2 protein chains.
Amino acid sequence: MTNPPKAVIAIHGGAGTISRSSQGSAMQEAAYHQALNGILLAGQQLLSEGGSALDAVSLAVDLLEECPRFNAGYGAVFTHEATHELDAAIMDGATLRAGAVACVSRIRRPLRAARAVMERSEHVLLVGTGAEAFAEDCGLEMVDPTFFSTEVRRAQLAHALQADRMMMDHDGASLTFRTKDLMPAPLDESRKLGTVGAVALDVHGNLAAATSTGGMTNKRCGRVGDTPLIGAGTYADNRTAAISCTGTGEMFIRGVVAYDICARMAYGGQSLDVAAQEVVMKSLAAIGGRGGLIALDALGRSSCPFNTEGMYRGHARVGEVVHTAIFLED
Amino acid sequence: MTNPPKAVIAIHGGAGTISRSSQGSAMQEAAYHQALNGILLAGQQLLSEGGSALDAVSLAVDLLEECPRFNAGYGAVFTHEATHELDAAIMDGATLRAGAVACVSRIRRPLRAARAVMERSEHVLLVGTGAEAFAEDCGLEMVDPTFFSTEVRRAQLAHALQADRMMMDHDGASLTFRTKDLMPAPLDESRKLGTVGAVALDVHGNLAAATSTGGMTNKRCGRVGDTPLIGAGTYADNRTAAISCTGTGEMFIRGVVAYDICARMAYGGQSLDVAAQEVVMKSLAAIGGRGGLIALDALGRSSCPFNTEGMYRGHARVGEVVHTAIFLED
């Protein structure tokens, strides 16, 4: 692919395996495609008007956080203590500036707090109540922690506590017994790796990446995954690529997955796609890591490898038709 | 240098500029050399008896945490709120397993908690009260947060609050007016970057790295620097190197400094020393980062570049004389 540099945005809404139940799948699939499509159209519009990559990923993750289908912001999963702990990060490929928050439960839009850390503090990562105090000082919207709760996620926690095991997201199949109007999602929610993210290239040639998550249902309080860690779940550098990951966070941390792709390009001369494929299919798989990522290089070439059966994803180039996908063959 | 693989340990106790006052410097220098020497001897002894790199770095950082001269564990600096928030991380180069804690104030030995996260949880990073609850569950020694407080550090906070600026460590010069028995340290404490760390190679050919810190005097609560972030301040991989960093944490995060050295070796074919020098003197300097690091490769070759005037450091090879240093020419 040798496209000329053209503004483009790519997003993801988590990776996982195919749902065991096929009941209602077609309708649910369509609903996910529609949600992804709407968010990509908004990002595409912003980029087409000359907006920055930083603003495009901020907008897309804002919208993903507010959509309860995805495990970030409103609709985030519950911790073991029936609380929410949200993580988010953003990085500017032009300056290598970055900002992140972790373990916050009162900031309505965690990604906006991450951006405030980047733009309005000397720091990169703020966690817990310190991060919340900073966000409040910045005038960001604060909410009661119950704001993020949905009945669907509460039922998932009950199920996880019963199963006494860590769940990466929620068990949609079991929920069909509890919530009549809930049909199984296309990806098996009991094994879905829940995160949302966006990467973008703007007309000025700048790259940016952003990621946000509610973590894992029934997770231990204080657990921080790869999402808010610069280099692990999120990275952007105009010289190489912008990357946002989703998967078994601990393995992404150990492999420094996002930065590893940039390093392979910078020092090994690999193309974006070769680097991304090797990291997800080989390095990550070698330590038992499951999940995927979305990536864009400085020429707008994209790659979105995943070693699960599916990943909610899509991309939109300015002036072209929006593309959304869930399974490998999509 | 083409030494045959031989067990070796290297440690650091922070980087900074030369003290503006020369009063008492010789005695203070000798005291720092003595502290570093004693810790290296303990690590060397452990390695000479066939102990693991993981145990060697654990022991060395344990001792550095307990020594009030260094900003980690007992003698850690104060936050803006006159509390302590400690961070630590450890990584095993043989398995790429890693563990870390951040923003903890009740765990006597934060590095031991990081190792427990690695060995006794499914996670890599636990923060705040969740990390403390985990450490307590593991039977680690818990203390009242005031345990870490020393009069010297309290005076530093008062000075920092008065100066109304973030200080990387403490102002030894000003303290001579407050504490009669305190002589200025060899490195200017007002601009010292306070962290401790260790890297080791054992007789089995395994590498390990560990880092621990109290962060910055007068820091915002909830701020997390590079120390507990795998890939930023700490990394170990038997295929390349073990690295522990100290410096302006935010820049080390943005540059993914520790992992960048491994990546340059793995993908660019650089030697440890070339990689370490380029990262500290070029990449890090390009974004305004100040500090240094200690690194060992799988053959036991060492590198300890810093772009400040000095760095408390030393190394000990089994069967050889211990070497300690503070300034560039040491």
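## The S8-S11 sheet of chain B

In chain B, four strands make up an open sheet ordered S8-S9-S10-S11, and their pairing is antiparallel. Strand S8 (234-236) and strand S11 (302-303) of chain B are the edge strands; each has a single partner strand, so one side of each is left without a neighbour in the sheet. The model described here is a predicted one.

At one end of this order, strand S10 (residues 291-297) of chain B pairs with S11(B) in the antiparallel sense, over two bridges. Within that pairing, Ala295(B) is placed opposite Ser303(B) of S11(B). Helix H8 (residues 257-268) of chain B packs on the sheet and touches S8, strand S9 (241-247) and S10 of chain B. The direction of H8(B) makes about 145° with that of S9(B). Helix H9 (residues 272-286) of chain B lies across S9, S10 and S11 of chain B, and runs at about 165° to S10(B).

## The S8-S11 sheet of chain A

Chain A also has an open sheet of four strands, in the order S8-S9-S10-S11 and with antiparallel pairing. Its edges are strand S8 (234-236) and strand S11 (302-303) of chain A, each with a single partner strand, so one side of each is left without a neighbour in the sheet.

Strand S10 (residues 291-297) of chain A and S11(A) run antiparallel and are joined by two bridges. Ala295(A) faces Ser303(A) in S11(A) as its opposite residue. Two helices lie across strands of this sheet. Helix H9 (residues 272-286) of chain A lies across S9, S10 and S11 of chain A, with a direction at about 165° to S10(A).

S1(B) is joined by seven bridges to strand S12 (residues 310-317) of chain B, and the two run antiparallel. S1(B) also pairs with strand S5 (residues 196-201) of chain B, again in the antiparallel sense, over five bridges. His12(B) can be followed through both pairings: its bridge partner in S12(B) is Arg313(B), and in S5(B) it stands opposite Gly197(B).

S12(B) is in turn joined to S13(B) by four bridges, with the strands running antiparallel. Arg313(B), the bridge partner of His12(B), has Ala325(B) as its bridge partner in S13(B). Strand S13 (residues 323-327) of chain B has four of its five residues buried, so S13(B) is largely enclosed by the rest of the structure. The hairpin of S12(B) and S13(B) has five residues between the strands, and in it Gly319(B) takes a positive phi near 85°.

## Packing of helices H1 and H2 in chain B

Helix H1 (residues 25-48) and helix H2 (residues 53-66) of chain B pack with their axes 9 Å apart, at an angle of about 160°. Since angles over 145 degrees count as roughly antiparallel, H1(B) is therefore roughly antiparallel to H2(B). The crossing of H1(B) past H2(B) is right-handed.

On the H1(B) side, the contact is made by Ile39(B), Ala42(B), Gly43(B), Leu46(B) and Leu47(B). These meet Ala53(B), Asp55(B), Ala56(B), Leu59(B), Ala60(B), Leu63(B) and Leu64(B) in H2(B). By class, the residues of the contact of H1(B) with H2(B) are 10 nonpolar, one polar and one charged. An α-helix has 3.6 residues a turn, so residues three or four places apart point the same way.

## Helix H3 and the burial of chain A

Helix H3 (residues 110-120) of chain A is mostly covered, with eight of its 11 residues buried. The buried residues of H3(A) are Pro110(A), Leu111(A), Ala113(A), Ala114(A), Arg115(A), Ala116(A), Val117(A) and Met118(A). Their packing partners in chain A are helix H2 (53-66), strand S2 (86-92), strand S3 (97-104), strand S4 (125-127), helix H4 (128-137) and strand S6 (207-213).

Chain A as a whole contains nine helices and 13 strands. Of its 330 residues, 65% count as buried. Among contacts in chain A between residues at least 6 apart in sequence, 70% join residues at least 24 apart.

Conventions
Residues numbered from 1 in each chain as written. Chains lettered and ligands numbered in written order. Predicted model: local features only at pLDDT ≥ 70, side-chain atom pairs only at ≥ 80, totals over all residues. Heavy atoms only, no water. Axes fitted to C-alpha atoms, helices over the stretch in contact; angles between N-to-C directions. Parallel < 35°, antiparallel > 145°, perpendicular 65-115°, else oblique. Left-handed = near helix turned anticlockwise from the far one by under 90°. Contact = heavy atoms within 4.5 Å. Nonpolar A, V, L, I, M, F, W, Y, C, P; charged D, E, K, R; others polar. Buried < 20%, exposed > 50% of the residue type's maximum accessible area, 1.4 Å probe, protein only. Pairing = 2+ DSSP bridges.
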